[in-house]
Amino acid sequence: MTSGQPEYETDADLEWCYDAVHGVSRTFAITIDRLEEPMARHICLGYLLCRIADTIEDAGHIPPETQTELLVTYDRVLDPDTDLSVSTFMDDVSPWIPENCDDDWDVVAETPRVLRTFESLNEEPREIMREPVRELVDGMAMFTDRYADEGGLRLQTVDELEEYCWYAAGTVGTLITGLVARGASEDRAQEMRNNARSFALLLQLVNIAKDVENDYHEENNVYLPAEWLEEEDVPVEAVTDEENHGAVTNVIQRVTNRAETYVDDAHRYLEAVPERHGNRLSAWAIPYLLAVGTMRELRERPEDVVQEGDVKVSRAEVYALIQQFEDGISESRLDDLRQAIAEEPLHR
Ligand SMILES: CC(C)=CCC/C(C)=C/CC/C(C)=C/COP(=O)(O)OP(=O)(O)O
């Protein structure tokens with residue numbers, strides 16, 4: 001403990017942070033439940049710091065220039081070389097917190113609590129996390145600024161889509177790898193660093209493929225590359241129109257195919273993951289396998305992304321997958337599970 005906080009207060013804050021993650025991310029709730037201490041609290045706090053920026057970036061009701069300003073201020077609060085206090089950020093963001101606060105905005109409203117809990121962690125994990133979080137925040141500020149005139153993100157090319165995925169998820173991969181690789185052999189650490197970007201791009205591209213409807217209607221963002229939409233004669237602003245469902249489905253398939261190219265690297269990452277500092281292989285294997293399962297669903301019913309607004313692995317399958325890890329997991333079992341879940345739902 002480095003902050004001089006009374007421990008009972010930090011414990012209550014940490015409990016709050018664990019509850020908050022369960023409210024905002026299905027993926028990270030599962031991951032954090034699998035981890036032991038101290039990795040669980042490190043990943044929890046690292047994730048919440050990122051989520052605050054993500055909520056601002058996704059806020060359709062905030063003008064882009066204000067989003068950029070808020071993200072820049074948040075970055076300065078995280079910068080150890082400036083003494084900008086979190087209260088400045090709260091003064092700026094408070095008018096934008098919706099009255100009927102959802103779980104995401106609850107976390108933003110509690111930024112001071114998240115930050116003081118983060119500051120209560122040991123210095124080593126904190127310093128591993130700080131720069132990747134700031135890179136994510138800066139990247140989001142860059143994207144809201146780039147598309148300020150459009151009112152929301154309108155990614156143009158597949159390269160730009162992958163650039164965006166780097167900031168939104170690749171940075172999180174760097175954060176995780178920094179924490180998890182401590183004390184590992186140089187070979188293992190290098191193997192993880194080589195494959196971390198692929199792991200993150202796999203997860204982020206699958207999320208983008210399945211969330212097209214919600215991203216446009218709730219957040220005013222179109223991540224499907226305009227160049228791919230154009231090849232299908234779909235105007236970007238008509239991405240969810242009924243007449244374009246078939247054509248947009250083709251673009252969703254293309255994004256899914258792109259995600260598929262990262263699966264082998266992600267698998268290599270998992271084969272190198274050590275179980276130190278409270279880390280557990282299953283914490284990362286489960287989101288990986290859920291991404292493979294979601295790709296299966298996206299291939300089988302891509303039209304549901306635009307017709308139903310969502311394609312995801314069922315709760316029963318998520319449960320069945322978690323059950324597979326009750327007694328730990330071997331590498332060969334990971335291979336088998338990947339093949340199985342790519343073909344059909346696990347619980348059948
Ligand atoms: C090297 C390595 C381990 C890389 C992985 C990095 C990582 C986990 C990035 C986050 C990707 C992601 C799309 C999370 C889920 O979305 P969400 O948090 O919005 O929640 P949801 O599950 O509710 O959609």
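Reader: Is Tyr 167 buried or exposed?
Author: Tyr 167 counts as buried, at 19% relative accessibility (buried is under 20% relative accessible area, exposed over 50% and partly exposed in between, with a 1.4 Å probe and protein chains only). This is a predicted model, in which local features need pLDDT of at least 70 and side-chain atom pairs pLDDT 80 or more, whereas totals for chains, interfaces and linings use all residues. Residues are numbered from 1 along each chain as its sequence is written, and side-chain values use heavy atoms, without hydrogens and water.

Reader: How many aromatic pairs are there?
Author: The structure holds seven aromatic pairs (ring centres within 6.5 Å; planes under 30 degrees apart are stacked, over 60 edge-to-face, the rest tilted). In one of them, Phe 143 and Tyr 167 have ring centres 6.4 Å apart and planes at 65 degrees, so this pair is edge-to-face.

Reader: Which helices hold those two?
Author: Phe 143 belongs to H8 (residues 123-146) and Tyr 167 to H9 (residues 158-180), so the pair ties together parts 24 residues apart in sequence (helices are DSSP runs of H or I, at least four residues, numbered from the N terminus). Phe 143 is buried too, at 0% relative accessible area.

Reader: Turning to the ligand, which residues are closest?
Author: Of the 18 residues that surround the ligand, the closest are Ser 25, Arg 26, Thr 27, Tyr 47 and Arg 51 (a heavy atom within 4 Å).

Reader: Where does the largest share of the shell come from?
Author: H10 gives the largest share of the shell around the ligand, six residues.

Note on methods: Rings of Phe, Tyr and Trp (its six-membered ring) pair if their centres lie within 6.5 Å; planes under 30 degrees apart count as stacked, over 60 as edge-to-face and the rest as tilted.
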